[in-house]
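Here is a short briefing on one structure.

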Amino acid sequence: YTNLLLETELKDVSPISKAPLTFEYHYYAFSRRRIDISNPLCVIDKFTQDAIVKAKILIDDNSEIVDTVIFKSKGVDKDNPRAELFIY
């Protein structure tokens, strides 16, 4: 997952020097089945933050730099289930 992010989504992202940051994830499920969104998103967040540091977009992902992580359920998208990350 980390390598995939490095090769695609993160390859042209500029470094971020501002802190503290909030990471907000929007989760679009593949079905209407009830789910605890923290289960997939905590894993996605872990590897995403590690990839962002590895790509040198952030110098670290400690709590002084990323002090808030928010998970939001955004409903169902059967054709394109996904997690989107917004950084503030």
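Strand S3 gives the most to the lining of the largest pocket, with five residues. This is a predicted model: local features need pLDDT of at least 70, side-chain atom pairs count only at pLDDT 80 or more, and totals for chains, interfaces and linings use all residues. Residues are numbered from 1 along each chain as its sequence is written, and side-chain values use heavy atoms, with hydrogens and water left out.

**Largest pocket**

- The largest pocket has a volume of about 370 Å³.
- Of its 16 lining residues, Leu5, Glu9, Leu10, Thr48 and Leu85 are the closest to the centre.
- The lining of the largest pocket divides into twelve nonpolar residues, one polar and three charged. Here Ala, Val, Leu, Ile, Met, Phe, Trp, Tyr, Cys and Pro count as nonpolar, Asp, Glu, Lys and Arg as charged, and the others, Gly among them, as polar.
- Helices (H or I, at least four residues) and strands (E, at least two) are DSSP runs, numbered from the N terminus.
- A pocket is an open set of points on a 1 Å grid over the protein atoms alone, with protein on both sides within 12 Å along at least five of seven lines; a cavity is a set where a 1.4 Å probe fits but cannot get out; lining residues have an atom within 4 Å of a point.
- Grid points are joined across faces, edges and corners, and a volume is the space filled by probe spheres set on the points.

**Cavity**

- A search of the whole structure finds one cavity of 30 Å³ or more.
- The largest cavity has a volume of about 40 Å³.
- Its lining is made by Tyr27, Ala29, Phe30, Ser31, Arg33, Arg34 and Ile35.
- By class, the cavity lining has four nonpolar residues, one polar and two charged.

**Salt bridges**

- The structure holds four salt bridges (a side-chain nitrogen of Lys or Arg within 4 Å of a carboxyl oxygen of Asp or Glu).
- Asp50 and Lys46 pair at 2.5 Å, N to O. They sit four residues apart in helix H2 (residues 38-54), so about one helical turn separates them.
- Asp50 is partly exposed at 27% relative accessibility, and Lys46 is partly exposed at 46%. The classes are buried under 20% relative accessible area, exposed over 50%, and partly exposed in between (1.4 Å probe, protein chains only).
- Arg82 bridges to Asp77, with the closest N and O atoms 2.8 Å apart. Glu84 bridges to Arg82 at 2.7 Å between the closest N and O atoms.
- Arg82 is partly exposed at 24%, and Glu84 is partly exposed at 25%. Shared partners join Asp77, Arg82 and Glu84 into one network of salt bridges.

**Surface**

- Tyr1, Val43 and Phe47 make a nonpolar surface patch of about 290 Å².
- Patches are made of residues with over 30% relative accessible area and no salt bridge; like charges are joined within 9 Å, nonpolar side chains (Val, Leu, Ile, Met, Phe, Trp, Tyr) within 5 Å.
- Accessible areas come from the Shrake-Rupley method with a 1.4 Å probe; for residues, only the protein chains shown count as cover.
- Tyr1 lies in the segment before helix H1 (2-7). Tyr1 is partly exposed, with a relative accessible area of 48%.

**Backbone**

- The peptide bond from Ala19 to Pro20 is cis, with omega near 0°. Pro20 lies in the loop between H1 and strand S1 (21-29).
- Lys56, a residue other than glycine, has a positive phi near 65°. Lys56 is in the loop between H2 and strand S2 (66-76) and is exposed at 65% relative accessibility.
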